[in-house]
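Biologist: Could we go through this model together? I would like to begin with one loop and then move on to the helices.

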Amino acid sequence: MTRHHGYALLGALVAVVAMVCGVIITGYGLLDGAGGSRADGSRADGSRADGSRADGDGSGDRPQGRTPVGTAAPAFAGNWTGTWAAAPSGAEPGAPVGHPGRSIRNVVHTSIGGTSVRITFSNLYSPAPLLIGGASVAVGEGGGGPEAVAGTMRQLTFGRRAAVTVPPGGQIVSDPVALRVPYAGDLLVTLHTPRGGGPVTYHRHALQTSYLADGDRTRDLDATAYTPSRRVWRYLTAVDVLNREARGAVVAFGDSITDGVGSGYDANRRWPDVLAARLRDRHIGVLNEGIGGNRVLSDASVLRNGASGLDRFQRDVLDRAGAKTVVIDLGINDILRGGETDPARITAGLRELAQRAKARGLRVIGSTLTPFGAHRGYNATTESVRDRVNEEIRSGRVFDEVVDFDKAVRDPYAPDRIRPVYDSGDGLHPSEAGYRVMGRYLSVRLLEDRTPAQL
């Protein structure tokens, strides 16, 4: 070997060593600073992506009922899709300053699962800032209770900080956190409010028990500190998951019939829940954006029935993660509560919603208005308006696609009434059997739009 060749070989070896050292240093920084993964699947803090620990079962000598909250890596690039949502309907009565010094545990039921999750909290109906001192998410044991599955508790952060202040009328989205979210499973979303934050933004007809505890109990696994509260959802408006197989989400946009009034508590038997079960194997999320008492044209938030459909459509439909299709079932309350006697005004409002959705690349399916002949609001005028709205919807001049919920649940011998077996008892809201028929009546073909939404 010549001296020239020897110097060249030595230089090459030095370059290789420098490159390897750089990779090691960079890798160490990623593991230590950002919770990256090691070769065995564990993370720098000893946790695994599935919630287990690399150094044992995670029990040790920790206090009973509590577990350290794992720090997880930020989610990798993929498809963020909504798995659950609830539209804010107003300010919670009896809580003018919120729930200071307490922890609020919301229980929600997923439609699809994923490998990471992010949470949206809303302060829409408060004129004061909301301080969230800490928040967490965990997989629930099921059955609507507040108990968490061991090893699944995760602390939520906001810009990598545990505490955050949500401005008046605003909302906040958490940082992504790695968690194996189950399909058709319960999630527990808990937040601690150290001090009063003004009126509580809530969803009125949750049909799901929520829980309260004194102090910061966001990391509790068991139910010891928690007591059942009202069947409402507080502050929580969306849960999104990272799912590489997800094919988008269907948003159900409507009133109390979409909200599920008339179905059982803690049972998840609304018509969007039935639809979610049908779409689960297709990896399509279903988001229920129904609000009891909601109208197309006029605001009813002072009645805790939400802003008008026209006003809230951007927030509750167009801004939802992965939204590809919207099913619109709205208009009955314009007739029964809003006193609207001009069907053209209602159909014009529905047509505007459809046009706004299509402009954003969403497929739009509109529903006919279901019967209310046995309800106290029924008379010749209200029935005439409903009939004329339905006639226009069936004509195809309002929506491109139509699902005829009226036909699905009406009594063939008394078409202005719900069939008795499908009536919850008030002549307006379907029973669980009625919701089951509605959830099955929608054509999957209409929902499987493979054209990406332009969001």
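**A loop residue and its surroundings**

Modeller: Tyr-235 is found in the loop between strand E15 (233–234) and strand E16 (236–242). Strands are DSSP runs of at least two residues and helices (H or I) of at least four, numbered from the N terminus. This is a predicted model, in which local features need pLDDT of at least 70, side-chain atom pairs count only at pLDDT 80 or more, and totals for chains, interfaces and linings use all residues. Residues are numbered from 1 along each chain as its sequence is written, and side-chain values use heavy atoms, with hydrogens and water left out.

Biologist: Is Tyr-235 buried or exposed?

Modeller: Tyr-235 counts as buried, at 1% relative accessibility. Buried means under 20% relative accessible area, exposed over 50%, and partly exposed in between (1.4 Å probe, protein chains only).

Biologist: What is the phi of Tyr-235?

Modeller: Phi is near 65° for Tyr-235, a positive value in a residue other than glycine. His-283, also not a glycine, has a positive phi of about 60°. That residue, His-283, lies in the loop between H3 and strand E18 (285–290).

Biologist: Turning to H3, how many of its residues are buried?

Modeller: Seven of the nine residues of H3 are buried, and the helix is mostly covered. Among them are Trp-271, Val-274 and Leu-275.

Biologist: At what angle do H3 and H9 cross?

Modeller: The axes of H3 (residues 271–279) and H9 (residues 432–441) cross at roughly 45° and come within 7 Å. Axes are lines fitted to C-alpha atoms, for helices over the stretch in contact, and angles run from 0 to 180 degrees between N-to-C directions. H3 and H9 are therefore oblique to each other. Angles under 35 degrees count as roughly parallel, over 145 as roughly antiparallel, 65 to 115 as roughly perpendicular and the rest as oblique.

Biologist: Which residues of H3 make the contact?

Modeller: On H3 they are Trp-271, Val-274, Leu-275 and Arg-278, and the H9 side includes Tyr-435, Met-438 and Tyr-441. Contact means heavy atoms within 4.5 Å.

Biologist: A change of topic: where is Gly-114?

Modeller: Gly-114 is in strand E4 (residues 114–122). With a relative accessible area of 13%, Gly-114 is buried. Residues touched by Gly-114 include Leu-179, Val-181 and Leu-242, not counting residues up to four places away in sequence.

Biologist: And how many helices and strands does the protein chain have?

Modeller: The protein chain has ten helices and 23 strands. Of its 455 residues, 53% count as buried.
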